[in-house]
Amino acid sequence: MKFSARNQLKGKIVDVKKGATTAHVRIDIGGGKTITASITNESADELGLAAGKDAYAIIKASNVMVGVD
């Protein structure tokens, strides 16, 4: 698998919670950190996403916001 996006974080799926149209996929990326992706339920089904499976969080963004306290 190759992607043009450089920000790829490998991890393990912690859980997949489906709503009416959107699934929230939590991925443990190590070091006590998790990242959550919102994708369509159809995509989650097509990819066969389930807790315990290996997965990549692939981040492709045109904007990045930064906040500080």
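These are my notebook entries on a predicted model.

**Ground rules.** I number residues from 1 along each chain as its sequence is written, and for side-chain values I use heavy atoms, with hydrogens and water left out. As the model is predicted, local features need pLDDT of at least 70, side-chain atom pairs count only at pLDDT 80 or more, and totals for chains, interfaces and linings use all residues.

**Overall layout.** I looked up the secondary structure and got one helix and four strands (DSSP runs numbered from the N terminus: helices are H or I with at least four residues, strands E with at least two). Along the sequence I read β-β-β-α-β. The C-alpha trace spans about 35 × 25 × 25 Å along its principal axes. I also checked burial: of the 69 residues, 16% are buried (buried is under 20% relative accessible area, exposed over 50%, partly exposed in between, with a 1.4 Å probe and protein chains only).

**Strand β1.** Which strands are joined to β1? I found β4 (residues 54-59), antiparallel to β1 and joined by six bridges, and β2 (residues 22-30), also antiparallel with six bridges. Pairing here asks for at least two DSSP bridges between two strands. On the β4 side, I see Lys10 opposite Tyr56; on the β2 side, Lys12 stands opposite Asp28. β1 and β2 make a hairpin, with three residues between them.

**Largest pocket.** I get about 420 Å³ of space here (the volume is what probe spheres set on the grid points fill, with points joined across faces, edges and corners). A pocket is an open set of points on a 1 Å grid over the protein atoms alone, with protein on both sides within 12 Å along at least five of seven lines; lining residues have an atom within 4 Å of a point. I have 15 lining residues, with Leu47, Leu49, Ala55, Tyr56 and Ile58 nearest the centre. β2, β3 (33-40) and β4 each supply at least two of the lining residues, and β4 gives the most, with five.

I placed Phe3 in the segment before β1 (7-18). Why did I log Phe3 as partly exposed? Because its relative accessibility is 39%.

Note on methods. On a 1 Å grid over the protein atoms alone, a cavity is a set of points where a 1.4 Å probe fits but cannot get out, and a pocket is an open set with protein on both sides within 12 Å along at least five of seven lines; lining residues have an atom within 4 Å of a point.
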